[in-house]
Number of protein chains: 2
Amino acid sequence: MDFEPVGRRGQCNSDSSVLECAHQLGINIKSVCGSQGKCRSCKVKILDGKVSEPTLSEKEIFSEKECDQGWRLACKSYPLNDCKIYLPPESITAPQRTQTEGLEINILPEPVINSYKIAVNPPSFSDLRGDADRLLETLNLTHNISCNKIDIDVMRDLSPKLRTCNWKCNVLVRKDEIIGLSLSDRKLGFAVDLGTTKIAGYLVDLNSGKTIATKGIMNPQIGYGEDIISRITHAIQSPAEAARLKNLVVNSVNDLVGDLCSNIGAKADEIVDAVIVGNTAIHHLFLNLPVKQLAESPFIPAIINALDIKARDAGLQIAPGAFIHLLPNIAGFVGADHTAALLSIDAGNSEGVVLVIDIGTNTEISLIVNGKIVSASCASGPAFEGGHIKYGMRASGGAIEDILITNGEIQYQTIDGAAPVGICGSGILDALAQLYLAGVLDKSGRMSKDHPGVRSNGKYLEFVIVSEEERNGQEAIAVTQSDIRELQLAKSAIRTGIQLLLEAKGCTENDITQIIIAGAFGSYINVDSAVTVGLLPCLPVERFKQVGNAAGIGAKMALISSGKRLEAQNLASRTHYIELSTVPAFMHTFVQAGYLGLYRLSGGKRMEINKE
Amino acid sequence: MDFEPVGRRGQCNSDSSVLECAHQLGINIKSVCGSQGKCRSCKVKILDGKVSEPTLSEKEIFSEKECDQGWRLACKSYPLNDCKIYLPPESITAPQRTQTEGLEINILPEPVINSYKIAVNPPSFSDLRGDADRLLETLNLTHNISCNKIDIDVMRDLSPKLRTCNWKCNVLVRKDEIIGLSLSDRKLGFAVDLGTTKIAGYLVDLNSGKTIATKGIMNPQIGYGEDIISRITHAIQSPAEAARLKNLVVNSVNDLVGDLCSNIGAKADEIVDAVIVGNTAIHHLFLNLPVKQLAESPFIPAIINALDIKARDAGLQIAPGAFIHLLPNIAGFVGADHTAALLSIDAGNSEGVVLVIDIGTNTEISLIVNGKIVSASCASGPAFEGGHIKYGMRASGGAIEDILITNGEIQYQTIDGAAPVGICGSGILDALAQLYLAGVLDKSGRMSKDHPGVRSNGKYLEFVIVSEEERNGQEAIAVTQSDIRELQLAKSAIRTGIQLLLEAKGCTENDITQIIIAGAFGSYINVDSAVTVGLLPCLPVERFKQVGNAAGIGAKMALISSGKRLEAQNLASRTHYIELSTVPAFMHTFVQAGYLGLYRLSGGKRMEINKE
């Protein structure tokens, strides 16, 4: 058996299902309904080899197209020979997911840094040229190029280095400047996605374009507020506080670089190029750019266009002469991370009507219609990340990540299979959908106090997911009426954004040919749940695509290829940003988009859909 | 009366000589012979107005050509009406000399930094461009230029600055980069000559090209050795020691910038451009470039060519986005300061055979023949700066700066007229010449123990300049036999350098049409003395020209004009450096050049000249 993209191979017991095989090999595939074939949580795709015929329940759960593509439930498929099986990120339990973020990108490496081998004539009384002058002249003559400067930090090490390497080395050139000398052929690049919550770093071999190390860490600025506005508010108190926030993230990124390098036995100064993406505020805070104007109407970034600066001018400790490239922002609240996501899905060449959405505290949405892009930002708040939710928590051990309610019976899956301690984002979304489907909530989101699972604790109604008894006397884990209201506000903001962009381009939901869901949260949600609660439009399941950390992938693409950097700048430049709060239909739409259930929106009106 | 270039004007008593007028106005013109008309120390040039007819003694002292040009002795000329009088640097006593270093340069300002007035449309919901993008687009559109980047430090201040100035300001542009925003029309530049001993700084108005403040300070690296080799030896001990030497000079230069600015009520960040010159070693130490290879044969600089780097990358605190330009070096021991001197005298367009010499611990010499330049470096040692001389000292209060011996009577002049405490460079050279002329020394430099002024202190012979009695019992100030030997070595090294350069170009001393003496020491020496001791070739007096701090003037020219920077690079590139120690005739010539008196050298042979 061969499970991809996690790259786990091994022999399994015969008569085991694919799910059991995976567990035998140490892969935690989800199984919310307990292998009853009732949910889609264990879905996998058979890439190669033969498995048992689809069961009836699978034929119900998957569309014909999905069946043809090889989608199966892992709990109901039995391998008949050696199989190669694809595990989508949403089928793997959270702690193993970062492994999937290293997905290789199949683009031709076209690095910004070129490496040239040279052998320099040593100086003598008949050739008294300076070391730097000698190096430049030899390089240009040997390789017929027009390099005309050497980074000052490289020059500070040049004379001893040339003598140590006996006047033979590789010269690293960026445009017209020598940014390093190297004795090895290895050229490393570093891409980083600076998220509000999480920072994902990638070490890439610039010769092959392959990712060779990946690591995610928390953004330490979180101590100054979980959301961006709190951090901006803090930063504008004084230059010293702005510098403090900058140093926090810069130091973390330097540590991350160190960890990634030590993983592969490399040194930080082998990193000769870097690409950084992040939302506009984090981008600004990282560079110590002013943010006051970003928080005040009309929310203007200090800079939108792509930026190349010396790594040292940002405090990043990589090769002394290296630059960092920051992908372009789009607007005050649609940042370079979104540009990177657009790049990663080849938005410039997409056909039809494509919606790209990255759900978070701030949700960025782009609509691409015949290659033309409109973008918006929705203040969706932290509910879908577990914030402002009574028993909400981050995706870590013991978090309920999936919920299924069948005939009043509640089933759930926790991360690591640990005893439940709270509910993380995808679980909260499931809860909202399942409570609606079970009739606990009506369309308006009101909790029915008559439902057997609902109880009042005196102050408010709540629906118990894990009771006190199950938790051996500890406080029950429940979903409260006010949690529901928070979630409705969040999902309304997002659905409104989608709708207003559609209307700006004269489209309807049905016109959408693909919805690409990017980002940490969106990648692991149950799309059915998102549709059920009216967060996303009701469209055939095959039109949805969950692409993982698209921002990170886009950053890696820009790291590997100078052409992709131009493409990203081009994408950002031609993206038209719409400030939703200035659209007249905003309030009407927002109110309608708060309802649960399946419906279409049009001109601020809601039309119910009855499924099947 | 109007004394230039010090710019002192005022009414003087009638019947006063020019010398007395100067003293009445607070200018210390030298007067070694005590107004007897016996020496040239008080020479001045009448630029305008009428003075008494030349006396017989003046007609003896000055050549006919000099008389025609208006040269007079200040002690023997009496103004007949309001006169304008030029004071050459060598006629003014040391502490007032720095005033003369601010000589204005008459070249057209052609600054590297251009300033553009703009008015930017403020952002609105219908124009959401980023601040940096908006600024660049407006600038390019308004002025039809192609600026494409903004320095990151400028960007860090851009958003609040644009809002404070209500979107109207001057944009400072260097090539394709915005390096500053300014609300005033003033644009300041900073030029600095980093000497081994002294650092001379100039604040220049880049719009007019005028020098507006000047200051000289000591180079604090002197604590790590008076000569360059000691400092290199120290720097190569460890990177920390190299950094220490760098920081010493960088901090001093920053202090100097601060002082110059506060003199004119400016701020350091109004300085938008800087030019730095210095000898190769000091240039390297300032930039923290490696120096080990500079001290080992074949003495290779880390870089020879001109260099532009961000001021912050050298630790220089001027405008955040500003660059510094370092003029090109010529070789390991002929540095950017010599290039600047060549630039200041317009060496590229000189006619005839021109010798340029900057005397110091290391003496740089260039010979320009029909626009072709050869250069050499002579290890002349510190004797002419007072080093290794028993009673030697720097040019400060109480230093004997001029000596005259007439019929056994010793006359001298001290700086500030203070009681004598030692002998500085020009005094030492005078002593050597006067002792030779008085017969105390023979041609070989041997002190005659029979001469009445010579005494033995038991160990060695010495000639007393100021006796114990004159010093009220303090130790006498004397010139010793070993002082004479040091001076002979120094002057021999220099004369040898001159001779070998002449021979390299197939010239003789008589072919020299002009000897330009540059630098702190050379500017204030008595040229007669230099010729008398055989330090300089015996040529008509009008062929000598003392030009003051030519390196500083060249630095200012490069600061004011981008064309001059190109010219400097061009001058350095076409200068052929000759390593004297590799020339076969070196030793022969060196031995002959040690003799005192008037002679010509040719092919390692010496031919005596009998003057008159």
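This briefing walks through the main features of the structure above, topic by topic. The model is predicted: local features need pLDDT of at least 70, side-chain atom pairs count only at pLDDT 80 or more, and totals for chains, interfaces and linings use all residues. Residues are numbered from 1 along each chain as its sequence is written, while chains are lettered from A and ligands numbered from 1 in the order in which they are written. Helices (H or I, at least four residues) and strands (E, at least two) are DSSP runs, numbered from the N terminus.

**How the two chains are related**

- The same surface serves both copies, as 100% of the contact residues of chain A recur in chain B.

**Where the chains touch**

- On chain A, 34 residues are in contact with 34 residues of chain B; two residues are in contact if their C-beta atoms, placed from the backbone, lie within 7 Å.
- The elements of chain A that give two or more residues to this side are α4 (131-143), α5 (152-164) and α9 (292-295).
- With 6 residues, α5(A) gives the most to the side of chain A that touches chain B.
- The residues of that side divide into 20 nonpolar, 7 polar and 7 charged. Here Ala, Val, Leu, Ile, Met, Phe, Trp, Tyr, Cys and Pro count as nonpolar, Asp, Glu, Lys and Arg as charged, and the others, Gly among them, as polar.

**Domains of chain A**

- Chain A is assigned domain 1 (2-92), domain 2 (113-182), domain 3 (188-337) and domain 4 (346-546 + 579-612), with bounds that come from an automatic or database domain assignment.
- Between the C-alpha centres of domain 1 and domain 2 of chain A lie 56 Å.

**A sheet in chain B**

- An open sheet of 6 strands runs in the order β12-β11-β10-β13-β15-β14 (chain B), with mixed pairing; two strands pair if DSSP finds at least two bridges between them.
- β12 (211-218) and β14 (307-310) of chain B stand at the edges with a single partner strand each, so one side of each is left without a neighbour in the sheet.
- Strands β10 (188-194) and β13 (271-278) of chain B pair in the parallel sense over 7 bridges, and Ala191(B) stands opposite Val275(B) in β13(B).
- Helix α7 (239-263) of chain B lies across β10, β11 (198-205), β12 and β13 of chain B, at about 40 degrees to β11(B). Axes are lines fitted to C-alpha atoms, for helices over the stretch in contact, and angles run from 0 to 180 degrees between N-to-C directions.

**A hairpin in chain A**

- Strands β19 (399-406) and β20 (409-414) of chain A pair in the antiparallel sense over 6 bridges.
- Ile400(A) has Thr414(A) in β20(A) as its bridge partner.
- The hairpin has 2 residues between the strands, and Asn407(A) takes a positive phi near 50 degrees.

**Backbone details**

- The peptide bond from Ser297(A) to Pro298(A) is cis, with omega near 5 degrees, and Pro298(A) lies in the loop between α9 and β14 (307-310) of chain A.
- In chain B, the bond from Ser297(B) to Pro298(B) is cis, with omega near 5 degrees.
- Asp15(A), although not a glycine, has a positive phi of about 70 degrees; Asp15(A) is in the loop between β2 (8-9) and α1 (18-24) of chain A.
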